[in-house]
Amino acid sequence: MRPAALITGIAGMAVVVGLLLAGQARLNGGGGLASDADAGNVAAALPDATADVAKPPASLTDEDAELIARATEPAPTEPAAAPSETPARASSENAPARATAQSAPEPTETPSPTPAGKDSVELLRPTVESAGLLSFGKRRLQIANIIETPADKSCGSDGKQWPCGMMAKTALRLYLRNRTIDCDLPSDAWEDMATAACRLGQQDIGTWLVENGWVEAQPGSPLAAAGEKAKQAKQGVHGEDPRRRPAAAVRPETAAPL
């Protein structure tokens, strides 16, 4: 029994191997045909590259060019967007101005403007003609509340006269030294003669002249009391020739306080 079984097994294996070989041969033969058919179908589906190269390019007309140009241009913005954008920008630019206007205090009533003429004017480089009389070119100015001392006036008696008018003029000239004075005038453009109170800094020039005795005060003026004091003290023209006065004695030096 064993030899028969062995032969049967060998025969079965041979049949299986034969079937396998036959199937492989069939598969190889059918696959090649299928691949060739597929390659032919793909080649038929693809366009002929050489045919496209050989074809001449189509001509571009003016209408086509215009259409292409319009297609490539960016789309225009909607006109409605411009008005909405402009107020926004204007509001942002005007925001600081509105904030400033809101923060600023409310305007108060302002007084009426002052008249064109000023209450006082500054006069430059006065020229002293006499004690109490100044000149600015062709214009002349009389110091108010005083009686002018003429430059040629002489003072003294008993043959001891002295040129008090010239001394008074020199004293005023040395006091002013061509500095700017402030006078109570509506304008610096007057004609001929004007009368006004004037100051050098904070000092009234008329008061200085009266207190030092170089002029007399007008009767009833605010300087009348100062004029009486100068007469009693024999100041300026009310006294003797200052050139004949003895030199003042030198005061002894005092020890500095501890």
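Author: Gladly. By class, one nonpolar, three polar and five charged residues make up the lining of the largest pocket. Please keep in mind that this is a predicted model.

Reader: Which residues line the largest pocket?

Author: The lining consists of Gly156, Ser157, Asp158, Lys160, Trp162, Gly239, Glu240, Asp241 and Arg244. The volume of this largest pocket is about 150 Å³.

Reader: Now the chain as a whole. How many helices and strands are there?

Author: The chain has seven helices and 10 strands. It is made of 258 residues, and 21% of them are buried. Among contacts with a separation of 6 or more, 58% are between residues 24 or more positions apart.

Reader: Why is Ser135 called buried?

Author: Buried means under 20% relative accessible area. Ser135 has 6%, so Ser135 is buried. This serine sits in strand 3.

Reader: What makes the link between Ser135 and Glu129 a polar contact?

Author: The cut-off for a pair of N or O atoms is 3.5 Å. The side chains of Ser135 and Glu129 are joined at 3.4 Å, so the pair falls within that limit. Setting aside neighbours within four places in sequence, Ser135 is in contact with Pro126, Thr127, Glu129 and Arg140. Ser135 and Met193 are 58 residues apart in sequence, with 9.0 Å between their C-alpha atoms.

Reader: How do you know that Ser221 is buried?

Author: The limit is again under 20%. Ser221 has 12% relative accessibility, so Ser221 counts as buried. Ser221 belongs to the loop between strand 10 (216-217) and helix 7, and its side chain reaches the backbone oxygen of Gln218 at 2.8 Å.

Reader: And why is Asp192 called exposed?

Author: Exposed means over 50%. Asp192 has a relative accessible area of 60%, so the word exposed applies. You can find Asp192 in the loop between strand 6 and strand 7. Asp192 also has a positive phi of about 60°, although it is not a glycine.

Reader: Where is Lys234, and what makes it exposed?

Author: Lys234 lies in the segment after helix 7 (224-232). Its relative accessibility is 55%, and the cut-off is over 50%, so Lys234 counts as exposed. The phi of Lys234 is positive too, near 55°, in a residue other than glycine.

Reader: Why is Gln203 called partly exposed?

Author: Gln203 has 30%, so Gln203 is partly exposed. Gln203 is part of strand 9 (residues 203-204). Beyond four places in sequence, Gln203 touches Tyr175, Cys198 and Trp208. The C-alpha atoms of Gln203 and Ile181 are separated by 10.0 Å.

Reader: Which residues touch the most other members of the largest nonpolar core?

Author: They are Leu123, Leu141, Leu172, Leu176, Ile181, Leu185 and Ile205, out of 35 residues in this core. Several elements each supply at least two residues of the core, among them strand 4 (139-143), helix 5 (164-176) and helix 6 (205-211). Helix 5 gives the largest share, six residues.

Reader: What does Ile205 touch?

Author: Not counting residues up to four places away in sequence, Ile205 touches Ile143, Leu172, Leu176, Ile181, Cys198, Arg199 and Leu200. As a general rule, nonpolar side chains in soluble globular proteins tend to be buried together.

Note on methods
Residues numbered from 1 in each chain as written. Predicted model: local features only at pLDDT ≥ 70, side-chain atom pairs only at ≥ 80, totals over all residues. Heavy atoms only, no water. 1 Å grid on protein atoms, 1.4 Å probe; cavity = no way out; pocket = protein on both sides within 12 Å on 5 of 7 lines; lining within 4 Å. Points joined across faces, edges and corners; volume = space filled by probe spheres on them. Nonpolar A, V, L, I, M, F, W, Y, C, P; charged D, E, K, R; others polar. Core = buried A, V, L, I, M, F, W, Y, C linked by side-chain atoms within 4.5 Å. Buried < 20%, exposed > 50% of the residue type's maximum accessible area, 1.4 Å probe, protein only. Helix = DSSP H or I, 4+ residues; strand = E, 2+ residues; numbered from the N terminus. Contact = heavy atoms within 4.5 Å. Polar contact = N/O pair within 3.5 Å; in protein donor to acceptor, adjacent residues only side chain to side chain.
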